[in-house]
Amino acid sequence: MRDETLAFAREGYLFGTRRFQRAGADVAVTRLAGVPLTLLRGADAARFFYEGGRFHRSGAMPASVQHLLQDEGSVQSLEGQAHRTRKAVFLDLLTGGAESGLVERFGRELWMAARASAGGEVRLIDLFSVALLRAVCAWSGLPDAVAADLERSHALQRMIAGAGTIGPLNWEARLRRRRAERLLADTVARQRHAPFAPDGSALAVLAAHTEPDPLSLEVAAVELLNILRPVVAVAWFLTFAALALHRRPAWQDRLANGTDEEVRWFSNEVRRFYPFFPFVAGRASRELEWGGRTFPEGSRVALDLYATDHHPALWDEPGRFDPERFDGLVVEPNTLIPQGGGRYAEDHRCPGEPVTLELMDEGVRRLTRRIAYTVPEQDLRVSLRRFPALPRSGLIVGRLSFRD
Ligand code: HEM
């Protein structure tokens, strides 16, 4: 099998889809960066990949990606009981009720940041990122000075944008990550020494969490970052939501007076249709059988999220943006998987998925009901070769006006 690293760089998000089409199957074998890799897509594949602890994450991704999106000792690197114990902390924080405070704060921050840009033009990716960052820092209980430092350094945005790069951009993002980790480790130490963060906030909870021993400062910092960074990443989905509204003015009008249910269809279709993570890679934890194939222990397998969200057997006309496809649809957990498959508590499915949807709904409601703007001429093309993808201009808007 010849190495296809260059083809992957050329074909980007479509790399897997083309190989599945060529193989006439939901399995394709390739070699990336010299390492053999089996690509899978579809609902059965998602169940096989996510459920039952069959695949470990450590060592499955190149270091350049791994060091920006996950880290040693983080929930993503754990398995079995240790994983379930740590995962419960994330689920309590993100689905236990307190997350509504994050959504509400985001709405307010977006409103204030948009008002501050009223006179000129602003890139929506920047507007959403800054509003999400301010909201999640305050909600997590971080001191203002730490929030201001993270905002000034653009550390989180660069980690997200740098994850799919190699060379200087990636090194720079990794440097920023290390700096942010030190800053957060220091904040956890201060919290432990003389608690100041509100009870139940992410900082207070992670600083006090025991398993039964307290988390090391480094791991507590990494887990805080595992909340801060992906909340900022929701800015990428929101920018795509704004692009979808711009391209389909009928939906702009419909959602201006629409129901919460229609807003949710729209957010889900944005997550299905637009690209974010191309795939998630893992290593077989033991010898496995699936679809008549054997996967030896340690072999590398990747579940193609993008290809599953565009699988013609799961989605009618997958290349068409159509929020109405969610009307009356009971979404099966392993068919819509932009944030992973499987179950929340037992598997590696994203614990931030429900709050991502809430944040998107809130942003979409603000854009369609309370903030009006024009979209000047610009390059809105989305390259499927860039990870994570984004409209080239970042979506510049101008002449903002407001409805209270
Ligand atoms: C742009 C929005 C987001 C996307 C595309 C996304 C995507 C994903 C994906 C694909 C996974 C599974 C990784 C794997 O299988 O190894 C994951 C896991 C995770 N996500 Fe998200 N996520 C998003 C938002 C969030 C938010 C808002 C949070 C927290 C506030 C979050 C926290 C996490 C954590 C902690 C994990 C690891 C879970 C585990 O290993 O059990 N994510 N995410």
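Here Ala, Val, Leu, Ile, Met, Phe, Trp, Tyr, Cys and Pro count as nonpolar, Asp, Glu, Lys and Arg as charged, and the others, Gly among them, as polar. By that scheme, the shell around the ligand divides into 17 nonpolar, eight polar and three charged residues. The model is a predicted one.

**Ligand site**

There are 28 residues around the ligand, and Tyr-50, Arg-57, Gln-76, His-348 and Cys-350 come nearest. The protein gives the iron atom of the ligand a single donor, the SG atom of Cys-350, at 2.3 Å. Cys-350 sits in the loop that runs between α15 (305-309) and α16 (353-369).

Of the elements, α12 gives the most, with seven residues.

**Second largest pocket**

The second largest pocket holds about 240 Å³ of space. Its lining is made of 15 residues, and those nearest the centre of the pocket are Arg-123, Ile-125, Asp-126, Gln-157 and Trp-236. At least two lining residues come from each of α7 (124-140) and α9 (155-162). By class, the lining of this pocket has five nonpolar, five polar and five charged residues, whereas the shell around the ligand has 17 nonpolar, eight polar and three charged.

Conventions:
Residues are numbered from 1 along each chain as its sequence is written. This is a predicted model: local features need pLDDT of at least 70, side-chain atom pairs count only at pLDDT 80 or more; totals for chains, interfaces and linings use all residues. Side-chain values use heavy atoms; hydrogens and water are left out. Donors are N, O and S atoms within 2.8 Å of the metal (3.2 Å for Na, K and Ca); water is not among the atoms, so sites may look incomplete. Helices (H or I, at least four residues) and strands (E, at least two) are DSSP runs, numbered from the N terminus. On a 1 Å grid over the protein atoms alone, a cavity is a set of points where a 1.4 Å probe fits but cannot get out, and a pocket is an open set with protein on both sides within 12 Å along at least five of seven lines; lining residues have an atom within 4 Å of a point. Grid points are joined across faces, edges and corners, and a volume is the space filled by probe spheres set on the points. A residue is near a molecule or strand if one of its heavy atoms lies within 4 Å of it.
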